[in-house]
Amino acid sequence: MKDRKVDIISKAYIEILGIVIILIPIIVISVFNFLLFHTITELFSIVIAINIFVIGWNSRNFTESTFFIRYGIASFFVACIDLLHTLAYEGMNIFVGYDANLPTQLWILARYMQSISFLIALIPYKFERNYITLLLCYAGVTLIMVFLIFYGYFPDCFIPASGLTNFKIISEYIIILFLLISIVLLYRQKQDFTREIFLLITYSLTATIISEFAFTLYIDVYGISNIIGHIFKIISFYFIYLGIVRIGLKNPLKALFQQLK
């Protein structure tokens, strides 16, 4: 029993050390080159999100638990929107003719999709095992919303002269509300997850909430609140990596078949 506690504590220290090792160089980069910092941060979350999709999609025929599959499908499209957000960021000069409003709109779309998808993944309802339909629904919604953003039919989120719009700030608080509801639903279904996965996903949701709050405060897209928000996004996806990607790859039965126990 004592050896088990020692192993758990040692594992926790290793995980904390891991995020510290990741954050220190990224924070240093943010001081000297914000654009590089932003790109690395977003690519970090994009790679993890795609891995979640790969694990969830390839487990769809082997598990009765739909959380990993539903959230995995959503993660792919969140990653696609985050990639567009990264390429559209002010200073990248890839999408000519757009200002800082475009990446902010894409950001808020990705966060809406991410938070709502957590709810969809956790709501306990019977879902037909035809996940192609769910994939196509996400693809359709993503294409429509991206079209609305690029052609000017999506509400403004950032005005260069004045900063964040009311729509953007209110949206962040709505997203925070969705994430808080997700934590409640996760707690009510914790018997469907191992304790380790339950805690790691909860930590991830908590870090995301802090990140979203930071994104209600900035005036400049290169400002300190923006840096803090992205740092907590890294922390959030690091916990998701530990809870889904690492455990899912090392021990898929433990991660995906807990519900069958």
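**Cavities, core and aromatic pairs**

I will start inside the protein. Arg111, Gln114, Thr208, Ser211, Glu212, Lys233, Ser236 and Phe237 make up the lining of the second largest cavity. Helix 4, helix 7 (195-214) and helix 8 are the elements that give two or more residues to that lining. The volume of this second largest cavity is about 40 Å³. By type, its lining residues are one nonpolar, four polar and three charged. Before going further, please note that this is a predicted model, and the values I quote are computed from it.

How many cavities of 30 Å³ or more are there? The count is two. The largest cavity has a volume of about 70 Å³. Eleven residues line the largest cavity, and the closest to its centre are His85, Tyr89, Thr104, Tyr218 and Asn226. Which elements each supply at least two residues of this lining? They are helix 4 and helix 8, the latter spanning 224-250. Helix 4 gives the most, with three residues. The lining of the largest cavity divides into six nonpolar residues, four polar ones and one charged.

Next, the overall layout. The chain has nine helices and two strands. Along the sequence, the order of elements reads α-α-α-α-α-β-β-α-α-α-α. Of the 261 residues in the chain, 51% are buried.

In soluble globular proteins, nonpolar side chains tend to be buried together. Here, the largest nonpolar core holds 58 residues, and Phe67, Ile73, Phe118, Phe193 and Ile201 have the most contacts inside it. Two or more residues of this core come from each of helix 2, helix 3, helix 4, helix 5, helix 6 (166-188), helix 7 and helix 8. Which helix gives the most to the core? Helix 4 does, with twelve residues.

Leu102 is placed in helix 4. Why does Leu102 count as buried? Its relative accessible area is 2%, and the cut-off for buried is under 20%, so Leu102 qualifies. Leu102 and Tyr89 are 13 residues apart along the chain, and their C-alpha atoms are separated by 7.7 Å.

On to the aromatic side chains. A pair of rings is described by the distance of the centres and the angle of the planes. How many aromatic pairs does a search of the whole structure find? The search finds 16. Take Phe53 and Trp57: the ring centres are 6.1 Å apart and the planes are at 25 degrees, so this pair is stacked. The cut-offs behind that are centres within 6.5 Å and planes under 30 degrees apart. Both residues lie in helix 2 (residues 34-58), four residues apart, or about one turn of the helix. Phe53 is buried at a relative accessible area of 16%, and Trp57 is also buried, with 16% relative accessibility.

The second pair I picked is Tyr98 with Phe150. Here the centres are 5.6 Å apart with 80 degrees between the planes, and the pair is edge-to-face. Where do the two partners sit? Tyr98 is in the loop between helix 3 (67-88) and helix 4 (101-122), while Phe150 is in helix 5 (residues 131-150). They are 52 residues apart, and the pair links distant parts of the chain. Is Tyr98 buried, exposed or partly exposed? Tyr98 is partly exposed, because its relative accessible area of 39% falls between the 20% and 50% limits. Phe150, at 17% relative accessibility, counts as buried.

Ring pairs also build a cluster, which joins Phe53, Trp57, Phe76, Phe77 and Tyr138.

Arg111 lies over the face of Trp107, and the distance from the ring centre is 4.4 Å. Arg111 is one of the residues I began with, in the lining of the second largest cavity.

Last, a backbone detail. Asn93 is not a glycine, yet it has a positive phi of about 60 degrees. Asn93 is in the loop between helix 3 and helix 4. Is Asn93 buried or exposed? Asn93 is exposed, with a relative accessible area of 66%. Tyr98 is in that loop too.

Conventions:
Residues are numbered from 1 along each chain as its sequence is written. Side-chain values use heavy atoms; hydrogens and water are left out. Rings of Phe, Tyr and Trp (its six-membered ring) pair if their centres lie within 6.5 Å; planes under 30 degrees apart count as stacked, over 60 as edge-to-face and the rest as tilted. Buried means under 20% relative accessible area, exposed over 50%, partly exposed in between (1.4 Å probe, protein chains only). A charge sits over a ring if NZ of Lys or CZ of Arg is within 6 Å of the ring centre and within 35 degrees of the ring normal. On a 1 Å grid over the protein atoms alone, a cavity is a set of points where a 1.4 Å probe fits but cannot get out, and a pocket is an open set with protein on both sides within 12 Å along at least five of seven lines; lining residues have an atom within 4 Å of a point. Grid points are joined across faces, edges and corners, and a volume is the space filled by probe spheres set on the points. Ala, Val, Leu, Ile, Met, Phe, Trp, Tyr, Cys and Pro count as nonpolar, Asp, Glu, Lys and Arg as charged, and the others, Gly among them, as polar. A nonpolar core is a set of buried Ala, Val, Leu, Ile, Met, Phe, Trp, Tyr and Cys residues joined through side-chain atoms within 4.5 Å.
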